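Here is a short walk through a protein model. Keep the sequence and the 3D view side by side as you read.

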Amino acid sequence: MNYAETLGSRAKACEKAAGTASTAVKNGALAEIETALRANADKILEANDLDLAAAKENGMSEAMQDRLRLTKERINGIADGVADVIKLDDPIGNVDFGSVRPNGMNITRVRVPLGTIAIIFESRPNVTVDAAVLCLKAGNTVILRGGKEAYNSNKCLCDIMRSAVAKAGLPEDVVQFVDDTSREVSSQLMKCSNYIDVLIPRGGAGLIRAVKENATVPVIETGTGNCHVFVDETADLDMAVSIVNNGKTRRVSVCNAVESLLVHENIAEKFLPMIKAKLDEHNVEIRGCEKTRKILGDCVVPATDEDYGTEFLDYIISVKVVSSVYEAIAHIDRFTTHHSECIVTNSLDNAERFKKEIDAAAVYVNVSTAFTDGGMFGFGAEIGISTQKLHARGPMGLMALTSMKYLISGNGQTRA
């Protein structure tokens, strides 16, 4: 039995305890986690400092360091997210379908846990807690494999959560941490189909591609985000500046950050200088088409197709001037990762066309893409943003971590 199978067997041994725990017991465990996070903030920050020191030594970009960095405010925010999950309705046991057949047979469909979920993720320590508490509330066991760049932070957080759930009366192995961050162990997790029911990769395009190509465990693909904003000719330009700036610069390292801006040619000469002035406040590099460069000058780097297809996760944005909503949609169709796409417009027809024709998990009209987030959608937290279409799509909250079971009862019915 290899390392991943050992973790998987421990998780399986706890599945019944997790899956049959009452809402009160699960919420009690979450409350213990919330309390422990706040009480151990200094300990968590010490572990995070070790990761940040290594990141600086290894030349990690400032944007990615921000993705890794924890502060007391962020730890309190993570704990607040746990409190929000406690308040959510428990999906397990919910009946979402029922019927009585002509022969008197009674059929109901109820929500049940997925089982054991493994998550491979990069950089962001908050994912460690978000994923664990959502899996726990939905009655699942979870195996967490974070990136080596956040090893100390993730291990500290997992140790805190394991102690907390044990204090609440659940087996500590309902939450497990992968100590070995090697590719070999990641490959083991991808093929651990005897023990793991679902594998969720959360990170960059390379990680997600590797999991898709190598996993024999069922995979829920989450979010590379090449997100676009199209500023239509009817748009309120001040609103558009606010939406683009918020989507791009609020946190450049997140998957719902704006990476590409499309501008209608009829308002480009007025709007592009407005948005450049705002983005200049954050030293955002602009890579644009020839029309963009003609309006803004040589400060704009000539854009290539590679730029239009890149998730920068940095202070860089690609810009293209387009002739119509049709051209904007065609451009997005070509380069989208099906994550979050936005139109800023006062045209009801263009808004409706955009909503109908854009194939993405989240489609926005006059709203920043920064809201593609489980907390902002009222899910308390999220385990990731699914960009696929099977089982779950968009921010994945509690319901996305459940399956279903049919319960059939009768009084001796048999089939001819």
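Begin with histidine 338, which sits in the loop between α14 (325–335) and β12. Helices (H or I, at least four residues) and strands (E, at least two) are DSSP runs, numbered from the N terminus. Histidine 338 is partly exposed, with a relative accessible area of 28%. Here buried means under 20% relative accessible area, exposed means over 50%, and partly exposed lies in between (1.4 Å probe, protein chains only). The phi of histidine 338 is near 65°, a positive value in a residue other than glycine.

A word on the source. The model is predicted: local features need pLDDT of at least 70, side-chain atom pairs count only at pLDDT 80 or more, and totals for chains, interfaces and linings use all residues. Residues are numbered from 1 along each chain as its sequence is written, and side-chain values use heavy atoms, with hydrogens and water left out.

Now move on to strand β12 (340–344). How many of the residues of β12 are buried? The count is 5 of 5, so the strand is mostly covered by the definition of buried above. In a regular strand the side chains alternate between the two faces of the sheet. In β12, Ser340, Cys342 and Val344 are on one side, and Glu341 and Ile343 are on the other. Both faces are covered.

Which strands pair with β12? One is β7, in the parallel sense, over 4 bridges. Another is β13 (residues 362–365), also parallel, over 4 bridges. Two strands count as paired if DSSP finds at least two bridges between them. Strands of a sheet pair through backbone hydrogen bonds, either parallel or antiparallel.

Between β12 and β13 runs helix α15 (residues 348–357), and the three make a right-handed β-α-β unit. Right-handed means that, with the strands pointing away from the viewer, the path from the first strand over the helix to the second runs clockwise.

Threonine 345 lies in the loop between β12 and α15. At 4% relative accessibility, threonine 345 counts as buried. Its side chain makes a polar contact of 2.7 Å with the side chain of aspartate 232. A polar contact is a pair of N or O atoms within 3.5 Å; within protein, one must be able to donate a hydrogen and the other to accept it, and residues adjacent in sequence count only if both atoms are side-chain atoms. The side chain of threonine 345 also reaches the backbone nitrogen of serine 347 at 2.9 Å. Leaving aside neighbours within four places in sequence, threonine 345 is in contact (heavy atoms within 4.5 Å) with residues including Thr234, Asn350 and Asn366.

Asparagine 366 is in the loop between β13 and β14 (385–386). At 27% relative accessibility, asparagine 366 counts as partly exposed. Its phi is near 60°, a positive value in a residue other than glycine.

The expected span is 1.5 Å times one less than the number of residues. At the start of α10, a side-chain oxygen of aspartate 236 reaches to within 3.1 Å of the backbone nitrogen of aspartate 238. Among the buried residues of α10 are Leu237, Val241 and Val244. What covers the buried residues of α10? The cover includes β7, β8, α11, β11 and β12.

Strand β8 holds histidine 264. Histidine 264 is buried, with a relative accessible area of 3%. The backbone oxygen of serine 323 lies 3.1 Å from a polar atom of the histidine 264 side chain. Histidine 264 and glutamate 327 are 63 residues apart in sequence and 9.4 Å apart in space, C-alpha to C-alpha.

Elsewhere, helix α6 (residues 126–137) has 12 residues that should span 16 Å, and its end C-alpha atoms are 17 Å apart, which agrees. In α6, 12 of 12 residues are buried. Just after α6, glycine 139 takes a positive phi of about 80°.

Finish with an open sheet of 3 strands, in the order β1-β2-β16, with antiparallel pairing. Its edge strands are β1 (95–100) and β16 (402–409), each pairing on one side only. Strands β1 and β2 pair over 5 bridges, and phenylalanine 97 stands opposite arginine 109 in β2.
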